[in-house]
Amino acid sequence: MARIDVRKTYKLYIGGAFPRSESGHSYEVTDSKGKFVANAALASRKDVRDAVVAARKAFGPWSSRTAYNRGQVVYRIAEVMEDRRPQFEEAVRQSEGASASAARGQVDAAVDRLVWYAGWADKLAQVVGNANPVAGPFFNHTAPEPTGVVGVLAPQQSSLLGLVSVVAPVVVTGNSAVVVSSFERPLPAVTFSEVLATSDVPGGVVNILTGDAAALGPWLAAHMDVNAIDLCGVAGSPELATSLEVAAADNLKRVRRAPDAEPDWAAEPGLGTMTDFIESKTVWHPIGT
Amino acid sequence: MAFEYAPAPESRSIVDIKPSYGLFVDGEFVDGRGTSFKTINPATEETLAEVAEASEADVDLAVRAARRAFRGWSRMSGKERAKYLFRIARIIQERGRELAVLESIDNGKPIKESRDVDVPVVAAHFFYYAGWADKLEYAGLGPNPQPLGVAGQVIPWNFPLLMLAWKVAPALACGNTVVLKPAETTPLTALLFAEICQQADLPPGVVNIVTGASSTGQALVSHPDIDKVAFTGSTEVGKAIARAVAGTDKKVTLELGGKAANIVFDDAPIDQAVEGIVSGIFFNQGHVCCAGSRLLVQESVADEVMAKLKRRMGTLRVGDPLDKNTDIGAINSREQLDRIRELSEVGESEGAERWSPACDLPTSGFWFPPTVFTGVTQAHRIAREEVFGPVLSVLTFRTPAEAVEKANNTPYGLSAGVWTEKGSRILHMASQLRAGVVWANTFNKFDPASPFGGYKESGYGREGGRQGLAAYLKGAQG
């Protein structure tokens with residue numbers, strides 16, 4: 001007789017721990033053919049708020065780490081992911097209905113993307129910052145700093161490569177993130193949170209909520225202690241995206257607008273993914289004897 | 001010791017103010033289709049000129065002119081665009097005295113500031129960005145930098161010509177065309193700038209100037225055919241603009257309010273710090289978004305700093321903006337004066353102690369004496385809200401950590417000041433302060449090469465420097 005498998009109910013990832021949704025709700029996750037795979041926690045408004053508190057608490061220490069150290073930590077995520085390739089491939093196959101080789105390709109690209117971003121940690125300031133030759137006896141330079149807590153509505157289609165591509169640039173630059181995963185394809189995000197928990201990422205730097213971006217987005221967009229928001233997860237829903245951008249104006253969040261459709265995640269991202277969530281700080285000091 | 005100075009007024013005969021002004025659209029001055037309004041001299045309340053109030057239809061004509069001009073301007077080689085900007089910069093220098101006098105008459109700021117700060121920095125800004133026009137591919141903002149299109153720009157009344165320069169120079173250098181709305185109370189130097197564009201033979205439609213009040217500004221930022229909104233002004237209006245452009249492809253730069261902490265440690269050079277406190281809050285009557293309006297002084301030197309500050313405030317001369325000895329000119333408008341008075345009264349009623357030096361204020365015009373509040377707590381409205389006037393709130397702290405916490409305890413994040421002789425402390429404070437510009441052992445310094453802009457609710461995007469180009473190029477951040 002076939003073995004009865006152990007069905008899992010996955011949980012949220014907030015502040016380095018795996019709580020159930022405060023609401024007690026979960027939802028069924030099916031594979032691309034509609035077959036039951038697992039239950040995922042259905043994050044609520046309260047979970048969003050808890051995640052923002054965790055992200056705010058983590059922001060100071062994380063942004064104060066050296067860029068070299070942040071690069072090491074992000075590289076470590078790639079290492080741990082590499083170890084769990086079969087699990088990610090399975091999750092991508094189930095979620096996206098991808099062939100084995102396509103799933104493998106997506107996992108390869110996701111790991112490689114983390115490595116790419118890890119290397120940016122201690123270089124971005126050299127590329128986007130500079131000395132300013134002002135017309136007076138002053139030392140003056142401009143350098144990037146993280147903007148703070150960033151809400152990320154992760155892409156709905158690309159469940160792993162897309163997810164990694166929106167989370168890595170936010171945290172490698174020193175921000176902390178509250179991420180809402182793909183609603184219908186949350187399992188790669190759940191596995192990713194297990195990787196984060198077993199790598200060197202401090203609790204609270206990345207918080208991952210499984211749930212509906214249309215339901216959670218408004219709370220995240222209107223939250224007064226969130227500094228920026230990436231609306232990628234509502235690509236293709238212009239009315240929703242507009243309403244979130246309007247809500248984000250209450251505290252002038254930096255908004256990375258939703259594209260019309262999900263981009264080609266295989267393409268090299270460029271600097272905009274990072275510079276959208278940094279601030280330029282300029283410091284002046286007189287020169288004299 | 002009291003110093004007496006004989007009046008030393010700058011002659012206003014150098015400026016020819018016309019009785020009425022139209023809009024500057026497609027290279028020509030045209031009559032508006034809307035009504036008109038008066039601009040006055042805030043030091044005397046005399047009417048200076050009648051100015052057209054651009055209607056929605058006028059704004060539309062200006063945007064169309066800018067769109068038509070964009071084709072040619074954006075395809076012109078950077079080398080040629082640069083020469084137009086260099087021409088403009090040179091004419092600004094040549095007509096510097098005229099611009100300075102006109103700015104002081106229309107705005108109320110002291111001539112020594114308009115002459116020595118505003119106008120020279122305006123010319124420098126055009127020179128700086130002129131040089132970028134043919135070097136954009138070297139700016140590190142992407143391999144094939146392209147302009148956005150038509151920029152709608154709305155500027156405030158505190159630095160009328162300087163804010164125009166901050167907006168127009170980078171936009172044009174990057175190949176964009178602009179429609180600019182100067183503030184309702186200070187349109188005259190923008191209209192003189194329009195003349196300078198004609199004098200430089202700038203192609204028609206590259207720069208369009210539509211005067212008016214908030215409805216003109218709204219028509220501009222919500223016009224469907226602009227690609228970029230650049231706004232400097234209040235956080236409230238900035239938020240309204242952010243809402244208005246939601247769901248569009250318009251790129252936005254917002255440079256908004258501030259409530260900067262100016263932090264004085266016990267090892268600071270106190271005399272220099274006092275000069276920095278004075279220029280931090282009394283420069284331009286305190287009508288400065290990055291003004292050091294919250295003095296955070298370490299408890300152990302608070303008495304000494306306050307004594308020296310009050311003595312120094314006693315030497316500030318308030319009066320005729322055109323007098324070369326004037327330190328503090330006129331408040332820009334009755335509306336602003338009312339707001340400063342109201343918040344100052346709130347400061348007193350909430351329990352802070354108010355002090356101003358004895359000072360004779362002119363009988364006509366809008367005036368407010370340099371004022372300092374002590375015994376201010378973080379909950380007081382004068383410690384939280386932008387007064388935008390010559391009003392300083394003083395708080396104390398004991399440790400660097402407490403200074404950081406108090407300094408950052410504001411929704412704003414535009415600027416901050418630090419005064420200490422200890423280098424490592426400067427760098428620590430500079431890294432901890434959540435503000436876009438940190439002045440250490442100096443304050444209120446501006447330079448075209450130096451990016452300026454805020455964190456948090458002070459807005460987003462940067463103006464000035466290499467970073468300032470990003471606001472006007474496709475794909476680049478800003």
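Guide: A pocket is an open set of grid points with protein on both sides within 12 Å along at least five of seven lines, and its lining residues have an atom within 4 Å of a point. Keep in mind that the model you are looking at is predicted.

Visitor: Which residues lie nearest the centre of the second largest pocket, and how many residues line it?
Guide: The second largest pocket has 42 lining residues, and nearest its centre lie B:W157, B:F231, B:G233, B:S234 and B:V237. Its volume is about 1400 Å³.

Visitor: Which elements of chain B each supply at least two residues of that lining?
Guide: In chain B they are α7 (214-221), β9 (228-232), α8 (235-244) and α11 (334-349). With six residues, α8(B) gives the most to the lining of the second largest pocket.

Visitor: From which domains of chain B does the lining of the second largest pocket draw at least three residues each?
Guide: Both domain 1 (20-256 + 456-470) and domain 2 (261-440) of chain B give at least three residues to this lining. The centres of these two domains of chain B, taken over C-alpha atoms, are 30 Å apart. Their contact takes 30 residues from domain 1 of chain B and 33 residues from domain 2 of chain B.

Visitor: What area is buried between domain 1 and domain 2 of chain B?
Guide: The two domains of chain B bury about 2500 Å², and carbon and sulfur atoms give 56% of this area. Two salt bridges are counted between them.

Visitor: Why is the pair of B:K112 and B:D327 called a salt bridge?
Guide: The rule asks for a side-chain nitrogen of Lys or Arg within 4 Å of a carboxyl oxygen of Asp or Glu. For B:K112 and B:D327 the closest N and O atoms are 2.4 Å apart, so the pair meets the rule.

Visitor: What joins the side chains of B:K167 and B:E463?
Guide: They meet in a salt bridge, at 2.6 Å from N to O. This pair links distant parts of the chain, 296 residues apart: B:K167 is in helix α5 (residues 160-173) of chain B, while B:E463 is in the loop between β18 (459-460) and α15 (467-470) of chain B. Over all chains, the structure holds 44 salt bridges.

Visitor: How many residues does the contact take from chain B and from chain A?
Guide: Chain B gives 44 residues and chain A gives 39 residues. Together the chains bury about 3100 Å², with 49% of it on carbon and sulfur atoms. The rule finds three salt bridges across this interface.

Visitor: How do you know that A:D250 forms a salt bridge with B:R243?
Guide: The closest N and O atoms of A:D250 and B:R243 are 2.9 Å apart. The limit is 4 Å, so this pair counts as a salt bridge.

Visitor: What makes a cavity something other than a pocket?
Guide: In a cavity a 1.4 Å probe fits but cannot get out, whereas a pocket is open. This structure has five cavities of 30 Å³ or more, and the largest cavity has a volume of about 80 Å³.

Visitor: Which residues lie nearest the centre of the largest cavity?
Guide: Among its 15 lining residues, B:R294, B:A407, B:T410, B:S415 and B:A435 lie nearest the centre. At least two lining residues come from each of α13 (400-408) and β16 (415-419) of chain B. By class, the lining of the largest cavity has eight nonpolar, four polar and three charged residues.

Definitions and conventions
Residues numbered from 1 in each chain as written. Chains lettered and ligands numbered in written order. Predicted model: local features only at pLDDT ≥ 70, side-chain atom pairs only at ≥ 80, totals over all residues. Heavy atoms only, no water. 1 Å grid on protein atoms, 1.4 Å probe; cavity = no way out; pocket = protein on both sides within 12 Å on 5 of 7 lines; lining within 4 Å. Points joined across faces, edges and corners; volume = space filled by probe spheres on them. Helix = DSSP H or I, 4+ residues; strand = E, 2+ residues; numbered from the N terminus. Domains from an automatic or database assignment. Contact = heavy atoms within 4.5 Å. Buried area = accessible area lost by both parts, 1.4 Å probe. Nonpolar A, V, L, I, M, F, W, Y, C, P; charged D, E, K, R; others polar.
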